[in-house]
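I opened this model to look up two things. I started with cavities, then turned to a pair of helices.

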Amino acid sequence: MAGGRGGEGGEERDAELRQVEALNRMAGPSSAGVSGGASDPTRHRSADLLVTGHALAWVESLGEALVLISQLADATLPLSRQAVFRADREVLHCVGQFGHPDGECDAFRLPLETSHPAAQVARTGRPVFLASPREYRDRFPSGWPLSDRDGQEAWAFLPLTTYGQLTGVWMAAFDAPVRMTDGLGSFLLTLARLLGRSIEQTYNGQADRALSQSLRSSMSRIGPGVEGLTVSARYVPTGGGLMVGGDWFDSITLPSGRLGLVIGDVQGHDVQAAGLMSQLRTAIHAYAAEGHGPDAVLVRASHFLASLDEGRFATCIYLEADPATGILRIARAGHPHPVLRLPDGTCLLKHVRGGLPLGLDLGEDDYPVSVVSLRENEILMLCTDGLIESGGHDMYSGWLRVRDALTPGGPDDLDGLADRLLNAVVAPSPAQAGDQPAASFTEDDIALLLLRRDPSDARAVRSGRHLRFTLEQDQAQGLADARIEFQGLLHDWARPEQVDTALLLVSELLGNVLVHTEHAAVLRADVGGAHGRRRLRVEVTDRSDDVPHRRAPGELSSSGRGLVLLDLLAHRWNIRPEPEGKTVWFELDEDGPEEP
């Protein structure tokens with residue numbers, strides 16, 4: 001309710017508010033079980049206020065609020081009709097009613113200077129109680145002809161405050177005589193205050209929903225991808241009532257037929273987070289369309305968010321995809337790692353290097369670019385933390401839930417895969433939910449992007465599983481990340497002791513490159529064959545021309561065991577010179593001989 005005045009009657013309103021606060025304190029836990037008998041009307045009304053006040057906080061319109069208040073009518077409160085008047089400039093007009101004939105309220109227009117109880121309340125901010133038709137006629141003779149006299153015996157006109165200002169009047173009419181004793185006056189004042197707050201929240205909610213509807217509509221227009229790459233996207237808002245929060249995704253068509261994808265999460269789940277998300281999404285889209293690389297896009301986006309001075313940060317992943325080669329160039333700002341789904345359903349948490357969240361303005365805007373090769377029929381999943389952690393899960397248990405939903409089926413139905421992922425989180429089966437609370441599966445926004453490299457008609461898709469990982473010299477955590485991804489590749493290997501062997505050999509080969517050269521190590525792992533008779537081939541390549549030699553390390557030596565272990569544990573291994581550098585490879589057979 002806009003407009004209105006609140007300058008007169010300040011001391012009286014303060015006194016009334018003190019009465020209201022006292023009444024609220026009376027409505028303690030002991031009153032919650034009052035059955036409603038007339039022996040203690042004050043305690044009965046206090047319990048009603050608690051219930052009604054909570055319900056008013058959730059209504060979506062003024063009409064719903066008045067219907068809710070009408071349900072308080074009983075023998076001690078013969079409430080029959082209601083009207084809400086809004087003060088606009090110099091005129092008071094009706095904006096809502098309950099119990100009046102249709103159309104009667106719409107025609108009500110009253111100058112504020114009129115001698116009418118509603119106009120007086122709008123001018124002074126003090127309530128007016130009229131205990132009988134005679135009192136109404138005597139106190140407001142010129143307003144009496146305008147009154148609602150059909151069967152009404154008493155009236156209460158109470159101020160409505162929204163956004164800290166007196167902006168309207170609530171009229172409650174009674175079809176039986178009432179006395180403003182036993183706390184009834186304070187009860188009605190409190191009810192008017194609750195109604196004012198409900199009106200304020202309704203207007204806020206309408207504005208928020210209009211904004212969020214517009215933002216969500218813009219996100220629904222994400223493109224399907226480009227030739228050779230297919231994209232599927234889903235968004236689920238938080239349970240807070242908005243249709244969009246701080247999570248977002250976007251796709252950008254880049255020069256030379258490349259595709260840009262971005263997913264992010266602005267701190268918070270309110271309308272402010274939604275507004276910041278809209279600005280940040282637009283800024284990143286513009287930076288990417290200008291042709292900046294992934295690292296430059298995130299640096300610029302971080303500066304942009306910090307310049308808004310809103311005190312919030314955002315996590316984000318931005319990638320460029322080349323459909324001709326399947327090469328993805330990925331930059332990450334504090335966001336959860338992507339997930340790589342192989343054609344047979346195996347899912348790997350794909351560790352990519354990253355920097356701080358956007359907007360922190362700590363002078364450390366470094367977003368290294370990771371290169372990932374997406375093979376045909378492989379799918380890269382990007383999501384916000386809501387998909388992983390909703391339903392009371394932590395990052396580990398949530399990742400297991402996502403993996404179990406992502407693994408079944410083939411890669412052809414990308415939209416069906418996206419729907420299955422969301423159903424596992426938003427509407428889980430009892431087996432999926434486990435011991436998690438059933439009502440908490442949408443407490444955070446969820447944004448989801450799936451990117452598939454489509455198979456080419458020119459040649460058949462390679463069968464089996466494939467892993468590629470590049471370990472730079474300055475990646476202290478990279479060795480552990482490589483082990484995690486490699487272990488995921490062998491998640492269903494028939495002989496667990498061989499998985500430990502393979503992890504040991506991979507660690508040795510990668511560690512040798514980091515310790516004995518100044519170059520990056522490129523890990524390639526391939527699994528092929530029928531289950532139970534598969535073969536694992538691992539290659540580690542670096543650009544150093546120094547060829548390792550087999551040595552006999554001493555008992556206390558800290559190095560020199562790599563080739564010895566390969567000879568003892570691998571079924572086959574060798575060193576292959578490259579045009580630039582070398583490759584050390586080994587193979588393990590799932591049905592091979594027992595380890596020594």
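**Entry 1: the largest cavity**

I listed the lining of the largest cavity first: L340, K350, V372, S373, R375, E378, H466, L467 and R468. I note that the model is predicted.

How many cavities of 30 Å³ or more does the structure hold? I found three. For the largest I read a volume of about 60 Å³.

Next I asked which strands supply the lining. Both β15 (369-373) and β18 (465-471) give at least two residues each. Which one gives the most? It is β18, with three residues.

I then sorted the lining by class. K350, R375, E378 and R468 are among the lining residues.

**Entry 2: α10 and α11**

I moved on to helix α10 (residues 395-406) and helix α11 (residues 414-426). Their axes come within 9 Å. The crossing angle is roughly 140°. Angles over 145 degrees would count as roughly antiparallel. At roughly 140°, α10 and α11 are therefore oblique to each other.

Which hand does the crossing have, left or right? I logged it as right-handed, with α10 passing α11.

I wrote down the contact residues too. From α10 they are R401, V402, A405 and L406. From α11 they are L417, R420, L421, A424 and V425.

How does this contact divide by class? I get seven nonpolar residues, two charged and no polar.

Conventions: Residues numbered from 1 in each chain as written. Predicted model: local features only at pLDDT ≥ 70, side-chain atom pairs only at ≥ 80, totals over all residues. Heavy atoms only, no water. 1 Å grid on protein atoms, 1.4 Å probe; cavity = no way out; pocket = protein on both sides within 12 Å on 5 of 7 lines; lining within 4 Å. Points joined across faces, edges and corners; volume = space filled by probe spheres on them. Helix = DSSP H or I, 4+ residues; strand = E, 2+ residues; numbered from the N terminus. Axes fitted to C-alpha atoms, helices over the stretch in contact; angles between N-to-C directions. Parallel < 35°, antiparallel > 145°, perpendicular 65-115°, else oblique. Left-handed = near helix turned anticlockwise from the far one by under 90°. Contact = heavy atoms within 4.5 Å. Nonpolar A, V, L, I, M, F, W, Y, C, P; charged D, E, K, R; others polar.
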